[in-house]
Amino acid sequence: MATDSRARPEEGEAREDQVQTIFSEIAPRYDLLNHVLSLNIDRRWRRTAVDRLEVDADPQRRVLDACAGTYDLSLELARRTGFGGTVVASDFARPMLVAGQDKLEGAAVQPVCGDSLRLPFPDASFDGVMVGFGVRNLSDVNVGFREFHRVLRPGARLVILEFTTPPNPIIRTGYHFYFHRVLPLIGRVVSGHPWAYTYLPESVKGFPGPEPLAEALREAGFQSAEWTLVTGGIAAIHTAVR
Ligand SMILES: C[S@@+](CC[C@H](N)C(=O)[O-])C[C@H]1O[C@@H](n2cnc3c(N)ncnc32)[C@H](O)[C@@H]1O
């Protein structure tokens, strides 16, 4: 299968523009493709990620969903019995926020168009931060981690759900075939975008594994950073305490 060179993640501002453009263009088909391509496993991962935030029922609680996209993670928390607070859902691709808007009916979710590398929020203003499949897209993950640390109150948690590469060679072979052959093909046909779904596996390939990521979280100032693999290591969930 031909790989468009534009699908290779760039660096710095060029990368930010590239990522913002990709998600703005695929926004109308994002939800459909997300659940088809992940075979709906992402729902289970999102539940586990939200469990790990350990936010209580206090109605004053404010949780940030950074790189929120079409709000799947925001809604996983906002619709829980046992959560009485507000989810602030921020993303820099406005078309993603617009595409998910119909799902928000009656949910305590506040959309904000903003960049995760320059969060438009005061220091220590959140009781939790969560990021689903977002950090891999940041042009500088260390800047993002420092921003998440800055906006969290002391003792509160950051939870990151992100794709990774399975450690087991047999699972990895099947995963590579699916991710690099099947997924770009289905993505191209359904989204109509020539290379957005080639960008996805390319961006996972170029992203640090769980341990370097945990180290980067500690360097950003988090007291502790732990991670677990889910579904054979296709994805990892990181939990860090401010
Ligand atoms: C793969 S989608 C994930 C969306 C959603 N969190 C989910 O779990 O389905 C990645 C999202 O990150 C957003 N994003 C990437 N870089 C960003 C940045 N620097 N600031 C804000 N949003 C960003 C994209 O616009 C996109 O909506």
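1. Asp 65 stands opposite Ala 89 in strand 2, and its bridge partner in strand 4 is Met 130. The model is predicted: local features require pLDDT of at least 70 and side-chain atom pairs count only at pLDDT 80 or more, whereas totals for chains, interfaces and linings use all residues. Residues are numbered from 1 along each chain as its sequence is written, and side-chain values use heavy atoms, with hydrogens and water left out.

2. Strand 1 (residues 62–66) pairs in the parallel sense with strand 2 (residues 86–91) over five bridges, and with strand 4 (residues 126–132), also in the parallel sense, over four bridges. Pairing requires that DSSP find at least two bridges between two strands. Helices (H or I, at least four residues) and strands (E, at least two) are DSSP runs, numbered from the N terminus. Four of the five residues of strand 1 are buried, that is, under 20% relative accessible area, with exposed meaning over 50% and partly exposed in between (1.4 Å probe, protein chains only).

3. Strand 1, helix 3 (residues 72–78) and strand 2 form a right-handed β-α-β unit. A crossover is right-handed if, with the strands pointing away from the viewer, the path from the first strand over the helix to the second runs clockwise.

4. Seven of the seven residues of strand 4 are buried, so this strand is largely enclosed by the rest of the structure. In strand 4, Val 129 stands opposite Leu 64. Strand 4 pairs in the parallel sense with strand 5 (residues 152–163) over six bridges, where Met 130 stands opposite Val 159. The chain passes from strand 4 to strand 5 through helix 5 (residues 141–151) in a right-handed β-α-β crossover.

5. The largest nonpolar core has 47 residues, and Met 130 and Leu 77 are among those with the most contacts inside it. Such a core is a set of buried Ala, Val, Leu, Ile, Met, Phe, Trp, Tyr and Cys residues joined through side-chain atoms within 4.5 Å. Helix 1 (residues 12–37) supplies the largest share of this core, eight residues. Another core, of 29 residues, lies apart from it and includes Ala 66 and Phe 207.

6. The ligand is surrounded by 20 residues, with Tyr 30, Arg 46, Cys 67, Asp 91 and Gly 132 the closest; a residue counts as near if one of its heavy atoms lies within 4 Å. An oxygen atom of the ligand lies 2.6 Å from a polar side-chain atom of Arg 46. A polar backbone atom of Cys 67 is 2.8 Å from a nitrogen atom of the ligand.

How values were computed
A polar contact is a pair of N or O atoms within 3.5 Å; within protein, one must be able to donate a hydrogen and the other to accept it, and residues adjacent in sequence count only if both atoms are side-chain atoms.
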